[in-house]
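Please look through the sequence and the model shown below, and keep both at hand while reading.

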Amino acid sequence: MTASDRDLPAVPQIFEPSHQGLRDATRSDHYRNEVAQRHRRRSRLSAVRPDDPSISSDREFDVTSALTLPEGSLLASSWPEAPSGSQPLPHDLDHLLALRVPGLIATRRHLHSHPELSGEEFETAALIARELTLAGLHPRLLPKGNGVICDIDGRPDGPVVALRADIDALPLTDVKDVSYRSTVDGVCHACGHDVHTTVLLGVGMLLAQLADAGQLDGRVRLIFQPAEEILPCGSLEVIEAGGLADVVQIFALHCDPNQPVGKVGLRVGPITAAADNVTVRLTGPGGHTARPHLTVDLVDALGRLVTEVPALVVRRVPANSGLLLVFGHASAGTRYNVIPSEASAAGTLRVMDRDTWERAPKIVAQVVRDVIAPTGATVDLEYLRGRPPVSNDARAIDVLTAATAAALGPEGIAETPQSMGGEDFSWYLEHVPGALARLGVGRADGPSVDLHRASFDVDERAVPVGVRLMVQTALRALAAVR
C-alpha cells in the first residue's frame, strides 16, 4: 500500500487547473512576484484558526522586500552554471533549474521570515502543498495537517525512493540584520530547515517535469516532515501515516556551515549521535538556610547532580562510546535565605555507540540514585528516549557518492566526521536503508555561524547545489534498484 492509498487528507485545489505557468520559461522573470502573491493567500489552505493574529496573512506586507534579491549582493549575484566536471541533468533540467533559482531563493526567504515551531507547521505545510500543486503534483497532508507527502509517479513498475526534508524551526529570536529576518517573535530557522524544504520543493518541480516526459524510472516520494526538533519525533508520525510504504531507499540532506558551498559531506555508518532527554526533579521539606541540618539542602543536592553525575556516567561506559551528558537547565529556590522544597535539572545525553545507547537509561538512573542518596532528597527521574544514531547504509552512500560526483564533480565529495548532534532521520533507517548527507552552506562573505544559534544563516548558493544533488540522487537510486 502506498502513502496515497492511506487515509491522508487531500490538498484542496485552490488554483486554476493550468500548471503551465510554473514551467513556462517565458514567465520566469515574474516568478518572484508570483511567489509573494501565492504566499499571501496561504491561509485558505491552513489548518490554523483564521482568527489567530499570530498567523495573520497581513504580515506578508512586512517581508515584501525579502522576496526580492538585491542587485549586486553576493547571494543574488550571478548563479553559476553546472560545476566543472559535473554531468548535465536529463531533459534540459539544468536550464529549468537556472530559471527557477530566483523563485526558490524567494521561497526560502519567505520561509525564513515565517518560521513555525515543531508541531505547528500548518502554514509551512500549506505553502509546500500549494507549490507542489502548481507543479502539477498531488500532495497530501499528514493527518495533523502540518506535514506533506507527495509522490511523483514515473514508471509504474519501478521502485519507490523517498527524499525527506524537515520543516520546523527553533524557539530562538532571530538577531540577523537582513531583510528576511524572522517576523515571528522567539522563533527562528536556525538549523537550515528552510533550506531543506526549499531544496526538496525544487527537486519536486524538476522531477515532475521529468515524469511528464516519461523519463522517470519509478516513483519518488517527497516527505516534508514536521517536528524534527522535539520529542516525540515527527519522523514517527510520517512512518505511522504510511510514509515508508513500498520505499526501498530514503535520502536526506542537512545543512553544514563547516563546509563551503559545493562540498557534500559523506560517511558510511554512524554520522550523528543518539540523543535522549534527561530530567531530574528533587524534592525535600524545605527550611531555613540557618539550619540546613534540620532539612534537606536541595541546592547542595542539585549542585552534586549537575557536576558529579555527568562525570560518573562517563566512567560506566567504554571511552570510545562517545557518551556526553550535559545539563542545559538547572533551577532551585527563589530566596537567598530559604532552602527550597523543589529543584530540577534537565539536559541531553548523547552517545555515538548504539550498544551504549541501549544501556544508557539504566546507567543514568543508577548513578543519579547513588549521587543523591546521601543528601536525603527524593528523586524523580524522567528519561525520555529520543533517537538512535543515524547510520548510513553503504549502498546508499554509494548512490550519494555517484550523485555528488555527477552534480558537482568529484571535487565536491568530502569526508565528514560523526557528529554529536541528533537527527530523527535515524528512525526511517530503522525500517529502510538510506543515508544522510551534509550540504555545505558555509558563507563566503564572512565567518560561518554554527547551527542552533540565533544569528545562523547560509550562503544561498547552496540551494541550487542541493537541488542538483538530490535530483541526481533520486535518478541514481531508481536506476540502482531497477
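This is a predicted model: local features need pLDDT of at least 70, side-chain atom pairs count only at pLDDT 80 or more; totals for chains, interfaces and linings use all residues.

Is the crossing of H4 and H5 left-handed or right-handed? The crossing of H4 and H5 is right-handed, a crossing being left-handed if the near helix is turned anticlockwise from the far one by less than a right angle, and right-handed if clockwise. The contact is made by Leu127, Ile128, Glu131 and Leu132 on the side of H4, and by Thr197, Leu201 and Met205 on the side of H5, where contact means heavy atoms within 4.5 Å. By class, these residues divide into 5 nonpolar, 1 polar and 1 charged; Ala, Val, Leu, Ile, Met, Phe, Trp, Tyr, Cys and Pro count as nonpolar, Asp, Glu, Lys and Arg as charged, and the others, Gly among them, as polar.

Residues are numbered from 1 along each chain as its sequence is written, and side-chain values use heavy atoms, with hydrogens and water left out.

The chain has 11 helices and 16 strands, which are DSSP runs numbered from the N terminus (helices H or I, at least four residues; strands E, at least two). Of the 482 residues in the chain, buried residues make up 55%, buried meaning under 20% relative accessible area, exposed over 50%, and partly exposed in between, with a 1.4 Å probe and protein chains only. Among contacts between residues at least 6 apart in sequence, 82% join residues at least 24 apart.

To return to the helix pair, H4 covers residues 122-134 and H5 covers residues 193-212, and their axes come within 10 Å and cross at roughly 20°. Axes are lines fitted to C-alpha atoms, for helices over the stretch in contact, and angles run from 0 to 180 degrees between N-to-C directions. H4 and H5 are therefore roughly parallel to each other, since angles under 35 degrees count as roughly parallel, over 145 as roughly antiparallel, 65 to 115 as roughly perpendicular and the rest as oblique.

The crossing of H7 and H8 is right-handed. In this contact, Ala301, Arg304, Leu305, Glu308, Val309, Leu312 and Val313 of H7 meet Ile363, Val364, Val367, Val368, Val371 and Ile372 of H8, and the classes are 11 nonpolar, no polar and 2 charged residues.

Helix H5 also holds His196, which counts as buried because its relative accessibility is 6%. Leaving aside residues up to four places away in sequence, His196 touches Ala165, Asp166, Cys191, Leu253, His254 and Cys255. His196 and Leu253 are 57 residues apart in sequence and 6.8 Å apart in space, C-alpha to C-alpha. Leu253 is also touched by Gly466, along with Val199 and Leu439, again not counting residues up to four places away in sequence. Gly466 has its place in helix H11 (residues 462-480) and is buried, with a relative accessible area of 0%. Between Gly466 and Thr198 there are 9.2 Å in space, C-alpha to C-alpha, and the two are 268 residues apart in sequence.

How many aromatic pairs does a search of the whole structure find? The search finds 1 aromatic pair, with rings of Phe, Tyr and Trp (its six-membered ring) counted as a pair if their centres lie within 6.5 Å, and with planes under 30 degrees apart called stacked, over 60 edge-to-face and the rest tilted. The pair is Phe425 with Tyr428, and it is tilted, at 5.7 Å centre to centre and 55° between the planes. Both residues lie in helix H10 (residues 425-429), 3 residues apart, about one turn of the helix. Phe425 counts as buried at 0% relative accessibility, and Tyr428 counts as buried at 0% as well.

Some features of the backbone remain. Most residues other than glycine have a negative phi, and most peptide bonds are trans. A cis peptide bond joins Leu231 and Pro232, with omega about -5°, and Pro232 is found in the loop between strand S4 (219-225) and helix H6 (234-240). Ala227 lies in the loop between S4 and H6, and Ala227 has a positive phi of about 55° although it is not a glycine; at 1% relative accessibility, Ala227 counts as buried. Asp92, in the loop between helix H2 (31-40) and helix H3 (93-113), has a positive phi near 60°, and counts as exposed at 53% relative accessibility.
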